[in-house]
Amino acid sequence: MTSTRKPPPFGRTLCAMITPFTGSGALDPDGAQRLAAHLVAQGCDGLVLNGTTGESPTTTDEEKTRLVAAVREAVGDRAALVAGVGSADTRHTVELALAAAKAGADGVLVVTPYYSRPPQEAVAAHFRAVADASELPLMLYDIPGRTGTRIEPETLIRLAEHPRIAAVKDCSYDFLGTQKVLAETELAYYAGCDEHVLALYAVGAAGCVSTVANAVPAHIAAIPAAFDAGDTARARRLQLAVTPLTEAMTGAGLPGTVTAKALLGRLGLPAGPVRAPLLPAGRQTADGLLARYEALRAG
């Protein structure tokens, strides 16, 4: 028996795409187009651009806009594009959201304002200000481990009343709170942690925003597809099989940007260097990533 659920607003399997740079560290729009086309051809319904995995803290506003426009040209209407526009400044976030809409984005990813640690009333006001100003639907990004501030479940339930607040990228590691919001709202939840793709999908999430999908997009896409087809045993096998690679890419103490670029470089896909303050992965790390990738492919 196949599962039935509300159609997801941005597709089911989204890749948190890295931002390719040239050898000198400049934006590589051609490389971004090639990588985006590859990811979509391999099963990604959507791409999240200019997120943390896309090195948004070290790309300029102009580079962010160029990236969205270049990828839109490459994938056309074959995939949804969600542009990261988060910052610690509400006014700047609104400006980025308006620019993303003009560049061709289908939605915007808005993270909780970081470092200043605003109270929940201020967090909600920030998101509403962006939603009021933007013509695009919002995906709220709940990642307190990076921002220092949760979007509390009660806040999400209130924000769900806004017509343009449509989705959540969930990196809260609060499965009970997530289920509470799923039960009480129509918000489309996306697993933002690769180890939670199947678990969150099984309780009604819309899909995932995956860093590991940079390297194995077809494998990540197959997990919710198997679940929807009623083959939960296969979905479980797929989730468990990718665990070693997930651990190496996202749980080994290095940012996913660093590990994804190291592995993509070994695979001959557009990636390039990371920007400071990040440092590239060492040879031993890259060798280990490649070994786990090859083991997954062989299995």
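Predicted model: local features only at pLDDT ≥ 70, side-chain atom pairs only at ≥ 80, totals over all residues.
So, helices and strands here are DSSP runs, numbered from the N terminus.

Let's start with the backbone. Where does Pro277 sit? It's in the loop between helix 12, residues 256–266, and helix 13, residues 283–298. The peptide bond joining Ala276 to Pro277 is cis, with omega at about 20°.

Next, two residues with a positive phi. Take Asn50 to begin with: phi is about 60°, and Asn50 is not a glycine. You'll find Asn50 in the loop between strand 2 (46–49) and helix 2 (61–75). Buried or exposed? Asn50 counts as buried, because its relative accessibility is 5% and the cut-off for buried is under 20%.

Now Arg117. Here phi is about 50°, again positive, and again the residue is not a glycine. Arg117 is in the loop between strand 4 (107–111) and helix 4 (120–133). With a relative accessible area of 57%, Arg117 is exposed, since exposed means over 50%.

A quick stop at Thr155, over in helix 6, residues 153–159. Thr155 is buried, at 2% relative accessible area. Which residues does Thr155 touch, if we leave out those up to four places away in sequence? They are Gln120 and Ala124.

Okay, on to empty space. Rolling a probe the size of a water molecule over the atoms shows where empty space is left. In this model, the count comes to 2 cavities of 30 Å³ or more.

The largest cavity holds about 60 Å³. And here's Asn50 again: it's part of the lining, along with residues including Asp61, Lys64, Thr65 and Val68. Which element gives the largest share of that lining? That's helix 2, with 4 residues. Helix 2, strand 3 (80–84) and helix 3 (90–103) each supply at least two lining residues. By class, the lining of the largest cavity has 6 nonpolar, 3 polar and 2 charged residues.

The second largest cavity has about 40 Å³ of space. Its lining includes Ala16, Met17 and Val48, then Gly51, Thr52, Thr53 and Gly54, and also Leu109 and Lys169. How do these residues divide by class? There are 4 nonpolar, 4 polar and 1 charged.

Notes. Residues numbered from 1 in each chain as written. Heavy atoms only, no water. Buried < 20%, exposed > 50% of the residue type's maximum accessible area, 1.4 Å probe, protein only. Contact = heavy atoms within 4.5 Å. 1 Å grid on protein atoms, 1.4 Å probe; cavity = no way out; pocket = protein on both sides within 12 Å on 5 of 7 lines; lining within 4 Å. Points joined across faces, edges and corners; volume = space filled by probe spheres on them. Nonpolar A, V, L, I, M, F, W, Y, C, P; charged D, E, K, R; others polar.
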